[in-house]
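This briefing goes through a few computed features of the structure shown below, grouped by topic for a reader who wants to check each one against the coordinates.

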Amino acid sequence: MEKFEPVLETKQVLQHPLVFDRKENKLKKLWNVFKKDKLAVMGLFIILVAAAVSLLAPIIAPYDPNISNGSKRLLGIGTAGHILGVDEQGRDILSRLIWGGRTSLLTAVVPITCMFSLSLILGLLAGYWGGKTGEVIMRLLDVLFSFPTVLLAIVVSAIMGAGVLTIMVSCCLTMLPYMTRVVYTSTVTEKTKEYIEAAKILGANKLQIAFKEILPNVVSDLIVYSTSLIGVAMVLGAGLSFLGLGVQPPTADWGKMTSDGMKVLTLGAPHVATIPGLIILIVATAFNWLGDGLRDLFDPHKRTQ
Amino acid sequence: MLSYAIKRILAIIPILMGVSFLVFSIVYLIPGDPAVKILGQAATDEAVAELRKDLGLDKPFFIQYGIWLANMLKGDLGTSITMRVSVDSVLIPKLINTLILTGGSLAVCLIGGLLIGLLAGLKPYSWFDRISMFFAQFGANVPVFWLAIVLMWIFSIKLGWLPAFGMYDMRTEGSTWSILQHLILPSIAAASVSLAVMARLTRSSLIDAFNSDYVKTFRAYGISEKNIVFKHAFRNILSPILNMTGLQVGSLMGGALFVEVVFSWPGLGSQLYSSITGQDLPMVQAGVLFIAISFVLVNLINDLLVASLNPRLRH
Amino acid sequence: MALLEVSNLKTCFHTSRGKVKAVNGVSFSIDKGEIMALVGESGSGKSITGLSILGLVPQPNGKIEDGKILFKGENLVGKGSKEYRQIQGGEIAMIFQNPLTAMDPSYTIGNQMFEIIRSRGKVGKKEARDQAVKLLHLVGIHEPERVLSSYPHALSGGMRQRVMIAMALSCKPKLLIADEPTTALDATIQKQILDLLKKINKETGTAILIITHDFGVVANLCDSVAVMYAGRIVEYGETNDILSKPVHPYTKGLMGAMPEFQEPGSKGMNRLIQIDGTPPDLIELPEGCSFFERCNFATNLCKKAFPDATYANDSGTQFVYCYHSKEVV
């Protein structure tokens, strides 16, 4: 029994409340570093606000976003009762923005989240196992890379027809190659490092090395990249909606609102088209800021600077 | 270098095969009878039956692909459903227009991006650097269609400086000056994202070059700052910039697709837009194929240029 | 008069966390034809000292805050970049740790050498080539023509370092600063490069300041040595004195960590000594001796103020900054 004592000890140490405390301290420390990055904090704040507003849309939206009012059309910013004005069909723009955030955020966040694990598996396969499977994966990605992202999305829409699901599938397909490539490159760099060699000598098999050693180091890269990519996906999704490939009227969506507003640009109502686009820009940039902040946080070199 | 070039050129063959296969599959991925989709709902039964035979729809899938590919290579891209004319007669002029727009935006992206990046990178943390980098942060996430609308609103509708629609005036059709005027706003809009990316890259690679060991060496040997900047720093940021240019061409072409719709530029983007809404499948297929092929070719040229700059590959 | 006299040099970096005192009051001098070593761990400020002498403190956040650098009696601190250019390469040259990154990857060796040679006054193309060939011969390269037309990546590490030395010599400097010149090289090549430096010192009379962490290099090559810790010199003197009788606890620890400097027959012979702990944060330096926290001899006295220099031997060739140097021996 004596032999097992050290094992028991480590277990006890791990369960010791102080150890748990330490972990908390680490999070706290990370937060302390993170909160110094003003842009990243700002990004996080904007994202949280956007998410909260979208979630609470039924409660906080002042009007029904889809009910037209024939008597009021194209009112400007600052009209009594309609802070951001009214669009060409007499719908309250603020309410439509609030509801539109739901589609816009969902069409960006859902695809990236879905592709997260898939790109991890593909990237690890191609980067660590290599061989024929890896080669096939990389060549397939090459084909996807040879389409400008928007074009690939258009192909998907041509096949599936317009709809929210179409936008999500397009985003998945266009973002997957980029995410996989990030996993692939960091896997390739990680696998040549000494600690992998050490793990091999200690008798770890390929599966263990891939998932226990490489994966944790690759995941942080992917998290950082994906965060920024959500912003890109949002702009892309809005673009597809703008082309009429996304949500169908009367549902509100920031991209669709822009294209609807474009038709009344010459009627002296630029705000109908420009406000939603501005919101897209701000929220997408917020994701970018957050991504940059996370990158600096995970990169110890940058952190000490 | 030659062996690299041959390798690189051979490498695009599987890519082109993949691209064409994907485009070919579009017809089969949409539920329904391919012949009907290609001819449109209004087609007569005889026409459908004839096309079914031409396409070899009773034959295995890969043979069908072979037939389609052979047709494409012969230059037979099919007939437009909505316009009842051969696809290539419509699309080739549009492709040229799109390439003009892409070229214009590439010029804006390179001139603007390099200029801003160099000015910012030569004096990091100056007010110019701070301001331009602040805007560059947003630039990378600008929805192109939105910027196109904003530019159109300010410069065409409000100020009336530049035309808002089309590619040339009806009166002065085709004159270079008129095209240039029409090109300015769409080019800027389509270039915005790449311009921001390019400015940031130029700045950071210039700063990297200045912090590199070899610049330290040259300074330690009393080489003039002029030589360090113009001979060494500029030469070494060329490769990353060219590399990035290649990567950005896709984004420029994608941007052009949106901008064409906003500014009614008669290019592939506008055509694709109306073809998708009109469910004109042969047009969509050919349009996608055209853009993808030009993209692959531009990247090939770019890669060869980059390689020719790299001494490790040159020998 | 000494060739180079550095007194109370203070170089700082302003960062978001605060002021990093990288070099914190360093004084030493080098005579004509002397080979001196600055020894210390990474982060001890030795490289920044070298860069400060050459007016190459990393910009924009680095700055020489105080002190004098007298070269041939002339103070270099505060000189403008144009005036400094006469010194850089002309009077003082520097070679760096990694010769691969220290050369422009996009140009051939020849192109870069000619540029350096021709920047020193009016030299024709043909003349520059002749000079380059001569220099390459001097540093022991037998096929100068082939090397001149090669790109840096095509040469071996040892060759590259030879080329770097040739480049440095092209301006006939009075002082050559070598920042870890052998660290990136294989052991056999290291010896060759050290021999080459020694040969150059003998033949041309160039004084050399070697920045290193390796006492082996010091023993092989140097006349005098200064040991740096946390931006300060803690022990300074002639190589023989310091190697045979180190009196600062840090020097002793540093040498104890290297197998070749253990006294034969001493009972700790097979056991290398290690210095516990890590160097102090250069932003929040302790008021007293910076080695305080890691020192076995530390007392309350050490906490109060950084010690003044005291003679460590009778001939006056060895100084130490330590209150307890007598106990160390």
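In this predicted model, a nonpolar patch on the surface is formed by B:L2, B:I6, B:L10, B:I13 and B:M17, which together have about 510 Å² of accessible area. One of these residues, B:M17, is found in helix α1 of chain B, which covers residues 2-29.

**Surface patch**
- B:M17 counts as partly exposed because its relative accessibility is 40%, a value in between the limits of under 20% for buried and over 50% for exposed.

**Second largest pocket**
- The second largest pocket has a volume of about 530 Å³, and of the 27 residues that line this pocket, the closest to its centre are A:A158, B:S275, B:I276, B:T277 and B:Q279.
- At least two residues of the lining are supplied by each of α7 (149-160) of chain A and, from chain B, α2 (34-39), α10 (225-263), α11 (268-277) and α12 (281-309).
- The largest share of the lining of the second largest pocket comes from α11(B), which contributes six residues.
- Sorted by class, the lining of this pocket has 15 nonpolar residues, 10 polar residues and two charged residues.

**Chain A**
- Chain A has 13 helices and zero strands, and its pattern, when read along the sequence, is α-α-α-α-α-α-α-α-α-α-α-α-α.
- Of the 305 residues in chain A, 48% are buried, where buried stands for under 20% relative accessible area.

How values were computed. Residues are numbered from 1 along each chain as its sequence is written. Chains are lettered from A and ligands numbered from 1 in the order in which they are written. This is a predicted model: local features need pLDDT of at least 70, side-chain atom pairs count only at pLDDT 80 or more; totals for chains, interfaces and linings use all residues. Side-chain values use heavy atoms; hydrogens and water are left out. On a 1 Å grid over the protein atoms alone, a cavity is a set of points where a 1.4 Å probe fits but cannot get out, and a pocket is an open set with protein on both sides within 12 Å along at least five of seven lines; lining residues have an atom within 4 Å of a point. Grid points are joined across faces, edges and corners, and a volume is the space filled by probe spheres set on the points. Helices (H or I, at least four residues) and strands (E, at least two) are DSSP runs, numbered from the N terminus. Ala, Val, Leu, Ile, Met, Phe, Trp, Tyr, Cys and Pro count as nonpolar, Asp, Glu, Lys and Arg as charged, and the others, Gly among them, as polar. Patches are made of residues with over 30% relative accessible area and no salt bridge: like charges are joined within 9 Å, nonpolar side chains (Val, Leu, Ile, Met, Phe, Trp, Tyr) within 5 Å. Accessible areas come from the Shrake-Rupley method with a 1.4 Å probe; for residues, only the protein chains shown count as cover. A salt bridge is a side-chain nitrogen of Lys or Arg within 4 Å of a carboxyl oxygen of Asp or Glu. Buried means under 20% relative accessible area, exposed over 50%, partly exposed in between (1.4 Å probe, protein chains only).
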